[in-house]
Amino acid sequence: MSKGKILMAMSGGIDSTVSAMLLREQGYDLVGVTFRTFDSIRESCLAKEKGCCSIDSIMEAKRMAEQLGFEHHILDFRDTFKQCVIGNFVDEYLRGRTPNPCVLCNSSIKWGKLLDMADEFGCEKIATGHYAQIVESDGHVYLANAVDGKKDQTYFLWMLTEANLARTVFPLGGYTKQQVRDMAAERGFVKLSQKTESQEICFVPNNDYRDFLAQQVPNFDETCKSGDFIDKNGQVIGTHEGFPNYTIGQRKGLKVAFGTPKYVTRIDAATNRVTLGDRDDLLTTTLEAGGCRFTDSQKLSMNPRVLARIRYKSPATAATIAIDGDRCRLLFDEPVWGVTPGQSLVLYQDGKVVGGGFID
């Protein structure tokens, strides 16, 4: 007897495919869906792009669903994706910030649209191949760390609401990546088990966001004019090629020699000035974030000690939080390096995500 019906988000990769295998083996009926979010036919042909937006990946997802024995649908969300995700991506860079497109895609596209589709197909829950877990505690539903710390993807999922999580299944949260590869091989999917992963932004297949901005922004050359490199005292020390070409912490590609390594420490879009400094100039013990969401802000205010991550690959760092509405201020126990406006701040207590925001 079926345990119920689940809408399975398929990317064509190993994680979503093994997730589908596990759910089928557990007795669930599945309906597979794959999003078409970006028209990357040209890039697929010219650059052999392998991201989740490629036509090859979409067709591979369909083939996997058919091989596993459940129906599959391709959903065209290109217009919504362009407005919500690509629009924000471009706007943030033009403000001198560095965006997290996957965070917005997860909240507005994947869960925003997936839940609508789940209702349409009569599915009680949705499932994805993300490495994360869901736990219930103190009357709340929390996003929690995956068993595999190296693959944990909670950083990209912090915007999901309790209502989102209550209808979500993460089949891989209790497994390591190697275990997932082994499960695929044991079930006869040897080629899939050896499949490499793309680390690129899915709609920037050549991994050159600067080239992507130039394609997306009319008269980009006028927006991205050359300007001054300055030091921390405001003294002009060189010429840059336009502020959108730089990100906080960048050392390579400055195309100016200073004798010692210099890093981008500040980007001022209003004045088209980029500040360069030494590596230690990027150390700080404080940050402020806006657009914050907290599972229980009152409880967090009473117990303000958190572990905070300021980028996907950075370790969680101990800090004390002060909350003011949808804003917060963090004081770290030890200096952190490279706090970057636009990136996500994600807060943890006891392995659970208790909040997040966008670094200002």
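How many bridges join strand E1 (residues 5-9) to strand E2 (residues 29-36), and do the two run parallel or antiparallel? The answer is 5 bridges, and the strands run parallel. The model is predicted: local features need pLDDT of at least 70, side-chain atom pairs count only at pLDDT 80 or more, and totals for chains, interfaces and linings use all residues. Residues are numbered from 1 along each chain as its sequence is written, and side-chain values use heavy atoms, with hydrogens and water left out.

**Overall build**

- The chain holds 11 helices and 17 strands. Both are DSSP runs numbered from the N terminus: helices are H or I with at least four residues, strands are E with at least two.
- Along the principal axes, the C-alpha atoms fill a box of roughly 75 × 55 × 35 Å.
- Of the 360 residues, 51% count as buried. Buried means under 20% relative accessible area, exposed means over 50%, and partly exposed lies in between (1.4 Å probe, protein chains only).
- Take the contacts between residues at least 6 apart in sequence: 65% of them join residues at least 24 apart. Contact means heavy atoms within 4.5 Å.

- An open sheet of 5 strands runs in the order E3-E2-E1-E4-E7, with parallel pairing. Two strands pair if DSSP finds at least two bridges between them.
- Its edge strands are E3 (72-76) and E7 (168-169), each pairing on one side only.
- Helix H1 (residues 14-25) lies across E1, E2, strand E4 (125-127) and E7. H1 runs at about 165° to E1. Axes are lines fitted to C-alpha atoms, for helices over the stretch in contact, and angles run from 0 to 180 degrees between N-to-C directions.

- An open sheet of 4 strands has the order E9-E8-E11-E10, with mixed pairing.
- E9 and E10 are at the edges with a single partner strand each, so one side of each has no neighbour in the sheet.
- On average, neighbouring strands of this sheet are turned by 30° against each other, direction ignored.
- E10 is joined to strand E11 (residues 273-277) by 5 bridges, and the two run antiparallel. Tyr 263 has Gly 277 in E11 as its bridge partner.
- Pro 261 sits in the loop between strand E9 (236-240) and strand E10 (263-268).
- Setting aside neighbours within four places in sequence, Pro 261 is in contact with Arg 251, Gly 277 and Asp 278.
- Pro 261 and Arg 279 are 18 residues apart along the chain, with their C-alpha atoms separated by 8.0 Å.

- Strand E12 (residues 283-294) is joined to E15 by 6 bridges, running antiparallel. Thr 286 has Leu 331 in E15 as its bridge partner.
- E12 also pairs with strand E17 (residues 352-359), antiparallel, over 4 bridges. There, the partner of Ala 289 is Ile 359.
- Asp 326 lies in the loop between strand E14 (317-324) and strand E15 (327-337).
- With a relative accessible area of 45%, Asp 326 is partly exposed.
- Not counting residues up to four places away in sequence, Asp 326 touches Ala 289, Gly 290, Gly 291 and Cys 292.

- In helix H7 (residues 177-186), the buried residues are Lys 177, Val 180, Arg 181, Met 183 and Ala 184. They cover an arc of only 160° around the axis, which puts them on the same side of H7. The arc is that of the directions from the helix axis to the C-beta atoms.
- The buried residues of H7 pack against H1 and helix H8 (190-193).
- Just after H7, Gly 188 takes a positive phi of about 95°.
- Helix H9 (residues 209-216) buries Tyr 209, Phe 212 and Leu 213. These fall within an arc of 100° seen down the axis, so they line one face of H9.
- Helix H4 (78-94) and helix H10 (220-223) are among the elements covering the buried residues of H9.
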